[in-house]
Each structure stands twice: as structure tokens, then as C-alpha cells.
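Welcome to this guided tour. Please open the structure in your viewer and keep the selection tool at hand.

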Amino acid sequence: MAPQDTSLYSLSSEQAEFFKAQTGIDDDEDLKRHILEVQAKAYKVAPYPCIRSFVFLRLNISNLSVYEHILELGRKRPNAVLLDIGCCFGTDARKAAADGFPAKNIIASDLFNDFLELSHELFKTTPVSYPGCFIPGDVFDPAFLSIAAPSDDVSPVPAIDLSSLKSLNALHGRISVINAISFFHLFSEEKQLHIARALAGLLSAQPGSVICGFHVGTLEKGVVNNSLSGSEYKLFAHSPESWTSLWNGEVFEKGSVKVETELVEFATGEVKYFMMKWSVMRL
Ligand SMILES: C[S@@+](CC[C@H](N)C(=O)[O-])C[C@H]1O[C@@H](n2cnc3c(N)ncnc32)[C@H](O)[C@@H]1O
């Protein structure tokens with residue numbers, strides 16, 4: 001496990017503004033101390049590179065082209081639910097809530113309940129001050145998330161009390177927005193397909209319902225080298241073409257979704273790699 005490196009900490013002006021508004025901490029040094037304290041606790045729970053390199057401070061969901069559409073669903077579609085899956089601290093869930101998606105209809109979910117509890121610590125909230133819902137669970141555990149065929153029921157979704165849910169299975173065909181940032185690339189090709197099918201089963205069939213994310217991509221699907229804060233590792237990555245055909249034809253019936261992808265190139269030292277922004281929208 002790579003040691004923590006506080007020199008990797010940096011906040012853009014947009015991130016600083018967001019975290020100051022969220023935490024009520026105005027002073028830059030106080031804010032840094034607070035974030036480092038919570039980061040150290042999370043790194044002990046599970047030493048993900050994204051925690052070590054402060055990826056959780058990025059407001060990734062807001063950089064996706066579907067973000068305005070997501071906020072509009074939150075404003076206009078009655079009972080629209082947003083799920084942030086593999087959320088760690090749930091920064092994207094908090095960002096969407098800050099931008100107006102009703103917090104009580106947002107679920108942040110992760111394998112580690114400790115991360116979900118640390119979300120309250122990072123954002124200095126309590127279940128009363130932030131009514132968003134946190135549901136821990138393993139996406140590969142069928143008792144938590146079983147695979148169901150994509151819904152074809154386009155009728156409006158009734159109100160659901162999310163606060164008592166222990167698994168996502170009660171939400172098959174009922175979720176309007178699913179966000180999966182830096183999540184799929186943790187897994188093999190086979191497991192990525194499993195997660196895609198599982199998330200597709202949760203999505204509402206109402207046109208405009210969307211699954212989106214951002215993760216390591218590549219020009220030709222296969223195993224790629226990736227680098228985050230100096231550590232190198234190998235990951236299975238899809239290309240825009242393979243990702244598009246996985247969703248449009250394999251997971252969902254061909255023609256029933258619109259898939260958008262965008263590769264963005266990054267370089268860390270010698271290692272160049274691509275990240276892929278993507279969205280899958282029900283038509
Ligand atoms: C690389 S982090 C990304 C976190 C967050 N989405 C972000 O962008 O900052 C991946 C997250 O997926 C969670 N995770 C890993 N395996 C999982 C599983 N089988 N089920 C649910 N969550 C899982 C990890 O605990 C971790 O918080």
C-alpha cells in the first residue's frame with residue numbers, strides 16, 4: 001500500500017468554493033486539514049488510489065454533458081431518483097444535491113459503509129441536515145442487486161420512501177439517473193458486463209432516464225496501463241465502440257438507448273492514458 005502523500009492535495013477554485021460552501025470552513029488551511037483528516041480515515045478503510053490521490057474532490061458528475069439534463073429530471077420528473085453507485089464519499093451525490101436535485105431522492109451506495117459514514121464527516125452533515133440516503137452493499141451480491149431485464153414500463157414512478165431500503169432490488173425499473181464514476185474500471189470485462197446489466201435493470205423506462213459515468217477508456221478494448229499519482233497498474237478498458245455496443249444491443253435492446261462517449265487524454269509522467277466520459281439514455 002502506497003504511503004499517503006499530502007502534496008497530492010490540490011483544489012481548483014470551483015472545488016474550493018464547493019467544499020467551503022458545503023462544510024462551512026472558509027479558511028483554506030483549515031479546509032485542507034479537515035479534508036486530510038477524513039481522507040486518512042478513508043484510506044485506512046480501503047487504500048484506493050482515488051482516495052490517495054484526492055480524486056474524490058473532483059466534481060466529476062458536473063463535467064458530464066448530461067449534467068444539466070440530470071438536474072432537469074430532478075426538477076421536473078416527479079419522484080425522480082438518482083443513484084450514485086460506488087460513491088466512496090458521495091461527492092457527486094452532494095454536488096447534484098447542492099445544484100438542486102432533491103437530496104431525499106438521492107441514494108449514495110458503496111461496498112464500504114465506513115465510506116458512507118465518512119461522507120457525513122467530510123461534508124459536516126448529519127442525517128437530519130442532509131436527508132440523502134446511504135445504502136451500503138456489494139453490486140455483485142444478488143441479495144443487494146440482482147439482475148433483472150430492463151423495464152418497459154414507461155408509466156410515472158410512484159413516490160418511494162428510500163430511507164428504509166436495505167437493498168437496491170426494490171428499485172428495479174424505478175431509478176431515473178445512475179451515476180458511476182471511476183467504478184467500472186475496477187473490474188474485469190466479464191464483471192463490467194454484469195454491473196451494466198444490473199444497473200440497466202434498475203433504470204426507469206421513461207424516456208430520458210440515464211446511466212452515466214467516467215472511467216478509464218482506450219482506443220481498442222483490452223488491458224491498459226494506468227497511472228494515478230505515480231502508481232502504475234493494469235486495468236481492463238473498453239473503447240468507445242465496444243462500450244457503445246455493450247449498452248446498445250447487448251444490455252439494452254438495440255435502438256432503445258442513445259449512447260454517447262468521449263475519450264479524454266491524460267498523462268502522468270511517462271504513462272499516457274484515456275478516460276472516457278459516457279452516458280446511456282433511454283429513448
Ligand atoms: C475508485 S472509487 C470511486 C469513488 C467515487 N465514485 C469517486 O468518483 O470519487 C471506487 C469505489 O467503488 C467502491 N466499490 C468497489 N467494489 C464495489 C462493489 N463490489 N460494490 C459496490 N461498491 C464497490 C469502492 O469502495 C470505492 O469507494
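Predicted model: local features only at pLDDT ≥ 70, side-chain atom pairs only at ≥ 80, totals over all residues.

Residues are numbered from 1 along each chain as its sequence is written.

**Stop 1: the sheet**

Select the strands and follow the order β3-β2-β1-β4-β5-β9-β8, an open sheet of seven strands with mixed pairing. Helices (H or I, at least four residues) and strands (E, at least two) are DSSP runs, numbered from the N terminus. Two strands pair if DSSP finds at least two bridges between them. Now look at the edges: β3 (133-136) and β8 each have a single partner strand, so one side of each lacks a neighbour in the sheet. From one strand to the next, the twist averages 15°.

**Stop 2: strand β4**

Next, select residues 177-181, which form β4. This strand pairs with β1 (residues 82-85) in the parallel sense over three bridges. Leu-82 stands opposite Val-177, and Leu-83 stands opposite Ile-178. Contact means that the C-beta atoms of two residues, placed from the backbone, lie within 7 Å.

Is β4 buried or exposed? Five of its five residues are buried, so the strand is largely enclosed by the rest of the structure. Buried means that 20 or more other C-beta atoms lie within 10 Å of a residue's own, with C-beta atoms placed from the backbone. Colour Val-177, Asn-179 and Ile-181 on one side, then Ile-178 and Ala-180 on the other, and you will see both covered faces. In a regular strand, side chains alternate between the two faces of the sheet.

**Stop 3**

On the way to β5, five bridges join it to β4, and the two run parallel. Pick Asn-179 and find its bridge partner, Cys-212 in β5. Then select β5 (residues 210-217) and β9 (residues 271-282), which run antiparallel and are joined by eight bridges; Gly-213 has Trp-278 as its partner in β9. β8 (residues 257-268) also pairs with β9 in the antiparallel sense, over twelve bridges. One of the partners to click is Met-275 in β9, for Val-264. Two residues lie between the strands of this hairpin, where Gly-269 takes a positive phi near 60°.

**Stop 4: helix α8**

Move to residues 240-247, helix α8, and highlight the buried Trp-243, Leu-246 and Trp-247. They cover an arc of only 90° around the axis, which puts them on the same side of α8; the arc is that of the directions from the helix axis to the C-beta atoms. Their cover includes α7 (189-202), β8 and β9. After α8 comes Gly-249, with a positive phi near 135°.

Notes. Buried ≥ 20, exposed ≤ 12 C-beta atoms within 10 Å, placed from the backbone. Axes fitted to C-alpha atoms, helices over the stretch in contact; angles between N-to-C directions.
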